[in-house]
Amino acid sequence: MTNTIPTPTYLDEFSPPQRILLGPGPSSVHPRVLQAMTLPLLGHLDPQFFRVMDDVCEMLRQVYRTENFMTVPLSSTGTGAMEAACVNLLEPGDAIIICRNGFFGDRLADIAQRCGAQTIILDFEWGQPVALPALADALERHANVKAVGVVHGETSTGILTPLPEIVNLAHRHNALIVVDAVTSLGGHDLRMDEWDLDVCYSGTQKCLGAPPGLAPISFGPRAMQVINRRATPVQSFYFNLKDLESYWNQTRAYHHTTPISMTYALRESLRMLLEEGIENRIRRHARVAAALRAGLEAMGIGLLAAAGYRLNPLTTALIPEGIEDAVVRQRLLADYNIEIGGGLGQVRGRAWRIGLMGESAKETNVFALLSALEQILPTLGYEVASGASLSAAQRALVDYADGGVLP
Ligand SMILES: Cc1ncc(COP(=O)(O)O)c(C=O)c1O
C-alpha cells in the first residue's frame with residue numbers, strides 16, 4: 001500500500017497565479033492598490049491614520065454623491081453591511097418590505113427576519129427588475145411599513161432595478177428605503193442625496209477596485225433620526241451605528257480595531273476612481289458590458305437579464321444546452337487563467353455570471369474571454385463561427401464610441 005497522507009504544503013512559499021478575475025467579485029486589483037497595502041502599519045488611534053479615515057470618508061461621500069456624515073467603510077464584507085442596515089433600523093415587530101428578485105434580495109429578507117421584523121417579501125421573476133405596481137399595492141395593504149429593501153444591482157441575475165420611482169413610492173408611505181449597491185456603486189449612476197436614499201451600502205471588491213474586506217455604507221438624515229430614537233438597544237455590538245459613529249467622528253473613541261491595510265487599499269482605489277472620474281468609470285463599465293453582450297450573442301449565447309434592465313458590471317449568460325457549466329469554468333481557469341462565476345440559487349448550473357468590474361472592466365478582458373470561449377466550446381460539441389464574437393464585440397465598441405448604442 002502506498003502512503004496516501006498528503007505532503008503538507010504550509011512550509012512552501014505561496015505564489016498565487018495572476019488570474020483575470022471576471023467573476024461576480026472580487027475583481028482584479030490595480031498594483032497601486034496592492035502596493036498601498038504594504039505601507040507601514042499605523043495604529044487605529046494614530047493621528048496619521050485619522051487622516052486616512054477622513055480621506056476615505058470624504059472620497060466615499062463623493063462616490064455616493066452625498067453629504068451624509070455617516071458615510072464610512074464598515075469592517076466587513078457586503079453581507080456585514082446588510083446586517084448593519086437591518087440591525088440599526090429595525091426593532092422587533094417593525095415591518096419591512098423586501099423586494100426579492102434574486103439571491104441577494106433573499107439574503108436581505110433572511111437578515112431582516114433574524115432581526116425580529118415582520119418581513120413582507122415581494123417576489124419578482126429572476127431576470128426581471130422590481131415592478132412598481134406590486135410594491136405600490138403592498139404599501140397600500142400594509143400600514144406602518146418602516147422600510148423597503150431593494151437590491152439595485154442583483155448579482156445573481158444581472159438585473160439593475162431603477163431606483164428613483166421606488167424611493168418616491170416608499171417615502172410617500174413614510175417608509176425608509178434601504179438600497180443594496182454592492183455591485184452597482186462605481187459601476188452605475190447612483191445618487192444618494194438627489195434620489196433621497198436613506199441607507200445604501202456596498203463592498204470594496206467590485207466596481208470600487210479594492211480587495212474584499214470593507215463595506216462602505218451611508219446613512220441619510222431620516223435613517224439617523226430613526227436610529228437615534230430607537231426604543232430598544234441594537235442587538236449587534238459590532239454593527240451598532242452609534243458606537244461606530246463615536247469612532248468615525250472627532251471623538252475617535254475606540255470601538256474595534258480597524259483593518260488598517262485594507263483602509264489604505266480603499267483610499268488608493270478611491271483616489272484612482274476620482275482620478276478617472278465617476279462618470280468616466282460608469283461609461284467604461286457600460287462600454288465593455290456592451291461589447292461582452294454583443295460577443296456572447298454572436299456566439300448564440302442568450303442573456304438572462306431582461307433587455308433595458310441589464311447590469312453593466314455583471315452579465316448573466318445562459319449556458320447553451322448540453323454544455324456542462326463546471327467543465328467550461330475549469331478550462332477557463334486552468335488553461336486561460338480566467339475566472340468567471342457559476343449561477344446562484346435558481347440559476348445554478350444554468351447561467352454563468354461574468355463580471356467586468358473596476359480594474360477588470362477592460363476591453364482586453366472581453367476579448368480574452370470571448371476568444372477562450374471560442375476555443376473551448378467547439379471542443380464540447382457547441383459549434384461557434386471562428387472570430388464572430390470578437391467582431392461583434394469590436395463593432396459594439398465602435399458603436400458605443402460613436403454614441404450609437406447606450407445599453
Ligand atoms: C448584490 C450583493 N449584495 C450583497 C453581497 C454580499 O457581499 P459579500 O459577499 O461581500 O459579503 C453581494 C456579494 O456578491 C452582492 O453581489
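Okay, before anything else: what you're looking at is a predicted model.

Let's start in the middle. The largest nonpolar core holds 123 residues. If you want to click on the residues with the most contacts inside it, go for Ala 85, Leu 89, Ala 112, Val 148 and Val 199. And which helix gives the most to this core? That's H10, residues 278–298, which puts in 10 residues. The core also takes in both domains: at least three of its residues come from domain 1, 31–274, and at least three from domain 2, 277–401.

Let me zoom in on Leu 89. Skip the neighbours within four places in sequence, and Leu 89 is in contact with Lys 146 and Ala 147, then Leu 176 and Val 178, then Val 199, and finally Ala 223, Val 226 and Ile 227.

Next up, helix H9, residues 260–276. H9 has 17 residues and spans 25 Å from first C-alpha to last, close to the 24 Å you'd expect at 1.5 Å a residue. Where is H9 buried? There's a run from Thr 263 through Tyr 264, Ala 265, Leu 266, Arg 267, Glu 268 and Ser 269 to Leu 270, and then Leu 273 is buried as well. And what covers those buried residues? Among the elements doing that are helix H1 (31–36), helix H2 (47–64), strand E2 (71–74) and our friend H10.

Between Gly 25 and Pro 26 the peptide bond is cis, with omega near 5°. You'll find Pro 26 in the loop that runs between strand E1 (20–22) and H1.

One is Asn 144, at about 55°, in the loop between helix H5 (132–141) and strand E5 (145–151). Is Asn 144 buried or exposed? Asn 144 counts as exposed, because it has 10 C-beta neighbours inside 10 Å and the cut-off for exposed is 12 or fewer.

The other is Arg 252, with phi near 55°, sitting in the loop between helix H8 (241–248) and H9. Arg 252 has 15 other C-beta atoms within 10 Å, so this one comes out as partly exposed.

How values were computed
Residues are numbered from 1 along each chain as its sequence is written. This is a predicted model: local features need pLDDT of at least 70, side-chain atom pairs count only at pLDDT 80 or more; totals for chains, interfaces and linings use all residues. A nonpolar core is a set of buried Ala, Val, Leu, Ile, Met, Phe, Trp, Tyr and Cys residues joined through C-beta atoms within 7 Å. A residue is buried if 20 or more other C-beta atoms lie within 10 Å of its own, exposed if 12 or fewer, and partly exposed in between; C-beta atoms are placed from the backbone. Helices (H or I, at least four residues) and strands (E, at least two) are DSSP runs, numbered from the N terminus. Domain bounds come from an automatic or database domain assignment. Two residues are in contact if their C-beta atoms, placed from the backbone, lie within 7 Å. The expected span of a helix is 1.5 Å times one less than its number of residues.
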